[in-house]
Amino acid sequence: MIIHIVMWKLKDFAEGASKKENALMIKAKLESLKDTVNVIKHIEVGINIVETDASADVALYSEFRCMDDLNAYQKHPEHQAVVQFVKNVCMERKVVDYER
């Protein structure tokens with residue numbers, strides 16, 4: 001099992017929307033991938049509720065059967081569309097992938 005975790009710090013305003021609105025859009029877009037990208041075993045997106053200097057604004061937790069499935073997810077056109085939106089609204093991205 002491969003665990004894929006990503007955290008983003010968002011711009012205060014981007015793509016005509018506030019940070020909170022963009023966080024909600026990221027959550028909806030990522031969670032909708034479960035219906036179109038069949039290699040996703042589990043996906044969960046959380047929006048931060050405690051603001052500190054060290055906080056990220058949005059976190060993704062996802063599970064894949066193997067590295068090939070994670071790679072297929074990352075290359076999937078529907079995922080790539082979400083990636084483009086996230087790039088436009090985020091300032092910083094951190095990622096961790098590990099095997100369980």
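Guide: One term before we start: strands here are DSSP runs of E, at least two residues long, and they are numbered from the N terminus. Also keep in mind that this is a predicted model.

Visitor: Okay. So which strand does S62 lie in?
Guide: S62 is part of strand β5.

Visitor: Is S62 buried or exposed?
Guide: Buried: the relative accessible area of S62 is 0%. Buried means under 20%, so S62 qualifies.

Visitor: What is S62 in contact with, leaving aside its neighbours within four places in sequence?
Guide: I2, I3, H4, H42 and I43.

Visitor: Let's zoom out to the sheet. What's the strand order?
Guide: It's an open sheet of 4 strands, ordered β4-β5-β1-β6, and the pairing is antiparallel.

Visitor: Which strands stand at the edges, and why does one side of each lack a neighbour?
Guide: Those are β4 and β6, where β6 covers 90-99. Each has a single partner strand, so one side is left without a neighbour in the sheet.

Visitor: And how much are neighbouring strands turned against each other?
Guide: By 15° on average, ignoring direction.

Visitor: What holds strands of a sheet together, anyway?
Guide: In general, strands pair through backbone hydrogen bonds, and the pairing can be parallel or antiparallel.

Visitor: How many bridges does β1 have with β6?
Guide: There are 9 bridges between β1 and β6, running antiparallel. Within that pairing, K9 sits opposite E92, and I3 sits opposite Y98.

Visitor: What about β1 and β5?
Guide: That pair is antiparallel too, with 7 bridges.

Visitor: How many residues of β1 are buried?
Guide: 7 of its 9 residues, so β1 is mostly covered.

Visitor: Now the helices. Where does α3 lie?
Guide: α3 lies across β1 and β6, at about 130° to β6. As for α1, that helix packs on the sheet and touches β1, β4 and β5. The direction of α1 makes about 170° with that of β4.

Visitor: Which residues in the largest nonpolar core touch the most other members?
Guide: W8, L10, I26, L30, L60 and Y73, out of 24 residues in that core. The elements giving two or more residues to this core are β1 (2-10), α1 (19-32), β4 (40-47), β5 (58-64), α2 (67-75) and α3 (77-89).

Visitor: Pick I26. What does I26 touch?
Guide: Not counting residues up to four places away in sequence, I26 touches W8, L10, V58, F85, V86 and V89.

Visitor: Changing topic: what's the volume of the largest pocket?
Guide: About 240 Å³. Its lining has 15 residues, with W8, H79, V83, V86 and R93 nearest the centre.

Visitor: Which element gives the largest share of that lining?
Guide: α3, with 6 residues. At least two lining residues come from each of β1, α2, α3 and β6.

Visitor: Last one: where does H76 lie?
Guide: H76 is in the loop between α2 and α3. With a relative accessible area of 22%, H76 is partly exposed.

Visitor: What is H76 in contact with, leaving aside neighbours within four places in sequence?
Guide: T36 and V37. As for F64, which is 12 residues from H76 along the chain, the C-alpha atoms of the two are separated by 14 Å.

Note on methods
Residues are numbered from 1 along each chain as its sequence is written. This is a predicted model: local features need pLDDT of at least 70, side-chain atom pairs count only at pLDDT 80 or more; totals for chains, interfaces and linings use all residues. Side-chain values use heavy atoms; hydrogens and water are left out. A nonpolar core is a set of buried Ala, Val, Leu, Ile, Met, Phe, Trp, Tyr and Cys residues joined through side-chain atoms within 4.5 Å. Buried means under 20% relative accessible area, exposed over 50%, partly exposed in between (1.4 Å probe, protein chains only). Contact means heavy atoms within 4.5 Å. Two strands pair if DSSP finds at least two bridges between them. Axes are lines fitted to C-alpha atoms, for helices over the stretch in contact, and angles run from 0 to 180 degrees between N-to-C directions. On a 1 Å grid over the protein atoms alone, a cavity is a set of points where a 1.4 Å probe fits but cannot get out, and a pocket is an open set with protein on both sides within 12 Å along at least five of seven lines; lining residues have an atom within 4 Å of a point. Grid points are joined across faces, edges and corners, and a volume is the space filled by probe spheres set on the points.
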